Amino acid sequence: MTEMIIPPTPWTGRNDGPGIEHARWHSTISAPQPAPGIALLGFACDEGVRRNGGRPGAAAGPDAIRSALASLAVHQNTPLYDAGTVTVPGTDLEAGHEALSREVASLVEAGHLVIVLGGGHETAFGSHRGVREALGYSPAIINLDAHFDLREADQPSSGTPFKQIAELAGSEFDYTVLGISRPNNTRQLFCTAASLEVHVVSDVKLGSLTLEECTELAESLSENHDAIHLSIDLDVLPAATAPGVSAPAALGVDFPRILALATAIAATGKLRLVDIVELNPDYDIDGRTAKVAARLVDEISSAARG
């Protein structure tokens, strides 16, 4: 059994007074309403990371991101909603995916831009299946990640979501990965990516681009698609910026470039779903990774809906 919860404690923070001029996330966010807005949805799950041999702790990620987001100032008029958290008791990842898909589908059908807070990267399969159910087709996927997550395995895990989506979407599968670490992906994974016609840009190549070139890249990747699923694995960032992840990066792609890519994609108006995954608060030094994740949520929300 999965359970939906609305966490009461993360939405507290600094209060400078009433009125929109003092608005912060904690004073603005509410349960989902009919007016289309930004809808946050947590996926509290460690099982995918455990199955993939990673270090558990990502189940606490959604609340850590909410806590880091709570006191950020709001500079937009778009409604902000918290749709709660899908929890996955025990090891039943498959039931968790079913519940996540239902919630995402319902929120997308209501007209909201859904931002799912993971959880490990297994989150992406359940969330993509939900947006696919709502739209009637699979949107293009742009993944900011050091890893392909195209593994073949006996059980779904944080290493398999995009292989699962490829099997689900068939000829509609359209997958781009930005930030791939060559030493952290086997020849077999590169072969799988090639067979699926995955568009790949390495961490080294991204690091050589200017911020303007990152924006141009994001725009060019978005231009031929009606809808986009943006997935952000925080381990694409350098370990010094994002220490609180399952697999910290030796190199990574610096945060300004990741932010430029994400906000440029959001500004196209084509985003239908965002995943921000792999935050592990147990290893997060000074809350750095949670703060980076919160800044991504805030900037994407502003760029997408103004």
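Okay, a definition before anything else: helices here are DSSP runs of H or I, at least four residues long, numbered from the N terminus. Axes are lines fitted to C-alpha atoms, for helices over the stretch in contact, and angles run from 0 to 180 degrees between N-to-C directions.

This is a predicted model, where local features need pLDDT of at least 70 and side-chain atom pairs count only at pLDDT 80 or more, while totals for chains, interfaces and linings use all residues. Residues are numbered from 1 along each chain as its sequence is written, and side-chain values use heavy atoms, with hydrogens and water left out.

So, the helices. α3, residues 61–69, packs against α11, residues 288–305, at about 70°, with the axes 8 Å apart. That makes α3 roughly perpendicular to α11, a label for angles of 65 to 115 degrees. In contact, meaning heavy atoms within 4.5 Å, are A64, I65, A68 and L69 of α3 with A290, K291, A293, A294, V297 and D298 of α11. By class, that's 8 nonpolar, no polar and 2 charged; Ala, Val, Leu, Ile, Met, Phe, Trp, Tyr, Cys and Pro count as nonpolar, Asp, Glu, Lys and Arg as charged, and the others, Gly among them, as polar.

Now the pockets. On a 1 Å grid over the protein atoms alone, a pocket is an open set of points where a 1.4 Å probe fits, with protein on both sides within 12 Å along at least five of seven lines; lining residues have an atom within 4 Å of a point. The largest pocket has 19 lining residues, with N52, H147, D149, S158 and A247 nearest its centre. Its lining has 4 nonpolar, 9 polar and 6 charged residues.

How values were computed. Helix = DSSP H or I, 4+ residues; strand = E, 2+ residues; numbered from the N terminus. Parallel < 35°, antiparallel > 145°, perpendicular 65-115°, else oblique.
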